[in-house]
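Dear colleague,

Below is the structure I promised to hand over to you.

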Amino acid sequence: MTSATPLLPEITSDQIKQLTSSQCLAQPLPAPILSACFKQSPEDFQVDELLEVGLSGEGEHLWLLIKKTAMNTSFVADQLGKWAKIPSRDVGYSGLKDRHAVTTQWFSLRLPKGKLPDISFDEFAKAHLTTATESIEVRQQTWHSKKLNRGTHKANRFVIRLTDIELNPKVAAAPATVDETLTLISKEGVPNYFGEQRFGRQGNNIVSALEWFEQGTINGRPPHPKKSRDAQSLLLSSARSAIFNQIVSARVQLGGWNTAIDGDVFNLDGSGSVFCVEQIDQEIHQRLASGDIHPTAPLWGIKNDKVSEAAKALEDKVVSQDAVLQRLAQGLEKKQLKTMRRATRLAVSDFSWSWTTEQADKPSLVLQFTLPTGTFATSVLSALVTHLK
């Protein structure tokens, strides 16, 4: 493929890969694992949604905690709507979960009359399974007064298994060095990159965003004012994510992804709160070192007026030196999105790992950790493994 799309022949696949591939993003240290297999089976990638909501046991919304294998969130939500015979707008969930995984998450269904279907959802859903790997189970159900809205859950708990591990001969000759890297990650975190899945297959979301910004069409057609709202939101998010990743990568190369640069905007850990300071003093350095606060980079838009000095110069330089980033930035500004800030550092909580020896010559590594919602487990894996297969 010499160009990403006939509508935009000047955008090459190499340019798109450079902006969307995790392998092209800088890491603080060389990855000690050269390659490893990931998601060879759904059981290799397990995610449990951590929801901190006190459910009342009363109300018109039925909340279900569902464990599913090899099914994505949208499919299950659709099946729930069909089971309860309610419109899709009355089915709620907090976040999208991967299909190629074993995941546990909450859903809500608005049932004003409080009447359940004659058959259980387990029975209904099993009748619609299409492959032997798919499974579904309701683990818990209760009533509540409110619908479950997007972004309600605070974190996700991951259990990830890496197999066929090949160590990087330039970095490590023994798993001990991998353990040292993992220990460092548990203490210092990793760059808070958006994962490749944000950009679609082969980075096509970036291509589509440019088409929409510059041609006014999505996949060759004018977007429908209402039906295309989700697609437009995804393209805006993808464009912002690409710019954010490149700015964070530049800070990693300079050694400033977890330390302060003059003019920085800081994020208070565990919150969406950001603030500036007149001078970066010892207190700021101590708070950064302890993980209480983090530097930030922009989710690009208009009114990027909080950042200043060296930090702003760096952000502007990264965008100005790349023609595709310039076009994405201009498109976002034309859409009148207001700039937001996102932490450049991702803290990894409750981190543990273990080695298994199912094959003596090829040990497996099982990772367990918790991440806040809106962040990516692949950010942790990319700091550890050069090539995920």
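Helix H6 (residues 229-254) lies across strands E11 and E12 and runs at about 135° to E11. Helices (H or I, at least four residues) and strands (E, at least two) are DSSP runs, numbered from the N terminus, while contact means heavy atoms within 4.5 Å. Axes are lines fitted to C-alpha atoms, for helices over the stretch in contact, and angles run from 0 to 180 degrees between N-to-C directions.

Please bear in mind that this is a predicted model, in which local features need pLDDT of at least 70 and side-chain atom pairs count only at pLDDT 80 or more, whereas totals for chains, interfaces and linings use all residues. Residues are numbered from 1 along each chain as its sequence is written, and side-chain values use heavy atoms, with hydrogens and water left out.

E11 and E12 belong to an open sheet of four strands, in the order E10-E9-E11-E12, with antiparallel pairing; two strands pair if DSSP finds at least two bridges between them. Strand E10 (274-276) and strand E12 (340-343) stand at the edges with a single partner strand each, so one side of each is left without a neighbour in the sheet. From one strand to the next, the twist averages 50°. Within this sheet, strand E9 (residues 265-268) and strand E11 (residues 293-299) pair in the antiparallel sense over three bridges, and the bridge partner of Leu268 in E11 is Ile293.

Grid points are joined across faces, edges and corners, and a volume is the space filled by probe spheres set on the points. The lining of this second largest pocket includes Gln246, Ser249, Ala250, Gln253, Lys317 and Asp322. H6 and helix H8 (309-320) are the elements that give two or more residues to that lining, and the largest share, four residues, comes from H6. By class, the lining of the second largest pocket has four nonpolar, five polar and two charged residues, with Ala, Val, Leu, Ile, Met, Phe, Trp, Tyr, Cys and Pro counted as nonpolar, Asp, Glu, Lys and Arg as charged, and the others, Gly among them, as polar.

A search of the whole structure also finds one cavity of 30 Å³ or more, and the largest cavity has a volume of about 40 Å³. Its lining consists of Ser22, Gln27, Tyr193, Phe194, Gly195, Thr378, Ser379 and Ser382, which by class gives two nonpolar, six polar and no charged residues. Of these, Gln27 lies in the loop between helix H1 (13-20) and E1, and Gln27 touches Pro191, Tyr193, Val252, Ser382 and Ala383, not counting residues up to four places away in sequence.

Strand E7 is the next topic. Strand E7 (residues 155-167) runs antiparallel to strand E1 (residues 33-38), to which four bridges join it, and Phe38 stands opposite Leu162 in E7. Strand E2 (residues 45-50) pairs with E7 in the antiparallel sense over six bridges, and eight bridges join E7 to strand E15 (residues 364-372), again antiparallel. Ala155 of E7 stands opposite Leu50, and the bridge partner of Ala155 in E15 is Pro372. Thr163, also in E7, is buried, with a relative accessible area of 10%; buried means under 20% relative accessible area, exposed over 50%, and partly exposed in between (1.4 Å probe, protein chains only).

Gln336, in the loop between helix H9 (323-334) and E12, has a positive phi of about 65° although it is not a glycine, and at 56% relative accessibility Gln336 counts as exposed. Asp350, in strand E14 (residues 349-356), has a phi near 50°, a positive value in a residue other than glycine.

With best wishes

Technical notes:
1 Å grid on protein atoms, 1.4 Å probe; cavity = no way out; pocket = protein on both sides within 12 Å on 5 of 7 lines; lining within 4 Å.
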